[in-house]
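Subject: Structure handover

Hello,

Here is the structure you are taking over. Please open it beside this message and read the notes below with it.

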Amino acid sequence: MPTSTFSFSSVSGLTTLLRAAGFALALLLLTSTASHAQTWMVSTDTYVKLGVVDKFGQLGAYTAKFVVTNQSTGKTYMLDKQIPAGQKGVDVIFPSEPSEPDYFKSDRNEAGTAAPGRYVWECQVSGKKVVGGFFEFEKAGNDVTVIEKRK
């Protein structure tokens, strides 16, 4: 039956080798990156801010129901906001992130999206339209420029 031998000197050598490799990796990561081209990242978020205000504060507390309809697809997205007494109005962002506690969603709980196209919106208080309008989302595009290092 074969037996294996274990030597602390081989473990010690491996430990030393790993330390040296880690030190070399740290030096590599800390060296200047001047030889690399300057690179940029980009992101684009398309959204619109909608708002309503009871200008003279006559209602006190109320519920504002925002309704946004995509004219291309016919999909409607809604968001109810509770406005406490003393805070005459509120602004909301469409589309809102589904991770938010309150977000624009369809009757099937689909989150609103910023798909290109024309939208109409309104805000209802006590079942009546109090304000409204329209907006359009255009196609968005991004360009990234890589700036080469001067030689």
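Predicted model: local features only at pLDDT ≥ 70, side-chain atom pairs only at ≥ 80, totals over all residues.

Start with the hairpin of S5 and S6, which has two residues between its strands. In that turn, Ser126 has a positive phi of about 55 degrees.

Residues are numbered from 1 along each chain as its sequence is written, and side-chain values use heavy atoms, with hydrogens and water left out.

Overall layout

The protein chain has one helix and six strands, in the order α-β-β-β-β-β-β along the sequence. It has 151 residues, of which 21% count as buried. Buried means under 20% relative accessible area, exposed means over 50%, and partly exposed lies in between (1.4 Å probe, protein chains only). Among contacts in the protein chain with a separation of 6 or more, 56% are between residues 24 or more positions apart. A contact means heavy atoms within 4.5 Å.

How the strands pair

Two strands pair if DSSP finds at least two bridges between them. S5 and S6 run antiparallel and are joined by nine bridges; in this pairing Gly117 stands opposite Phe137 in S6.

S2 has two antiparallel pairings to look at. With S3, S2 pairs over eight bridges, and Ala64 stands opposite Lys81 in S3. These two strands also form a hairpin with five residues between them, where Gly74 in the turn has a positive phi of about 80 degrees. With S5, S2 pairs over seven bridges, and Asn70 stands opposite Tyr119 in S5. S2 is mostly covered, with seven of its nine residues buried.

As background, side chains in a regular strand alternate between the two faces of the sheet.

The nonpolar core

A nonpolar core is a set of buried Ala, Val, Leu, Ile, Met, Phe, Trp, Tyr and Cys residues joined through side-chain atoms within 4.5 Å. The largest one here has 20 residues, and Leu50, Phe66, Val68, Phe94, Phe104 and Phe135 have the most contacts inside it. Two or more residues come from each of strand S1 (48-53), strand S2 (62-70), strand S3 (76-83), strand S4 (89-94), strand S5 (117-125) and strand S6 (128-137).

Which residues does Phe135 contact, leaving aside its neighbours within four places in sequence? They are Val48, Leu50, Val68, Phe94, Gly117, Arg118, Tyr119 and Trp121.

Aromatic rings

The structure holds nine aromatic pairs. Rings of Phe, Tyr and Trp (its six-membered ring) pair if their centres lie within 6.5 Å; planes under 30 degrees apart count as stacked, over 60 as edge-to-face and the rest as tilted. Ring pairs link Tyr77, Phe94, Phe104, Tyr119, Phe135 and Phe137 into a cluster.

Two charges over rings are also listed here. A charge sits over a ring if NZ of Lys or CZ of Arg is within 6 Å of the ring centre and within 35 degrees of the ring normal. Arg118 has its charged end over the ring of Phe134, 4.0 Å from the centre. Lys105 lies over the face of Tyr103, 5.1 Å from the ring centre.

Salt bridges

A salt bridge is a side-chain nitrogen of Lys or Arg within 4 Å of a carboxyl oxygen of Asp or Glu. By this rule there are two.

One joins Glu110 and Lys75, whose closest N and O atoms are 3.3 Å apart. Glu110 is in the loop between S4 and S5 and Lys75 is in the loop between S2 and S3, so the pair ties together parts 35 residues apart in sequence. Glu110 is partly exposed at 31% relative accessibility, and Lys75 is partly exposed at 36%.

Lys81 and Asp102 also meet in a salt bridge, at 3.6 Å from N to O. Lys81 lies in strand S3 and Asp102 in the loop between S4 and S5, so this pair ties together parts 21 residues apart in sequence. Lys81 is partly exposed at 22%, and Asp102 is partly exposed at 41%.

Regards

Methods: Helix = DSSP H or I, 4+ residues; strand = E, 2+ residues; numbered from the N terminus.
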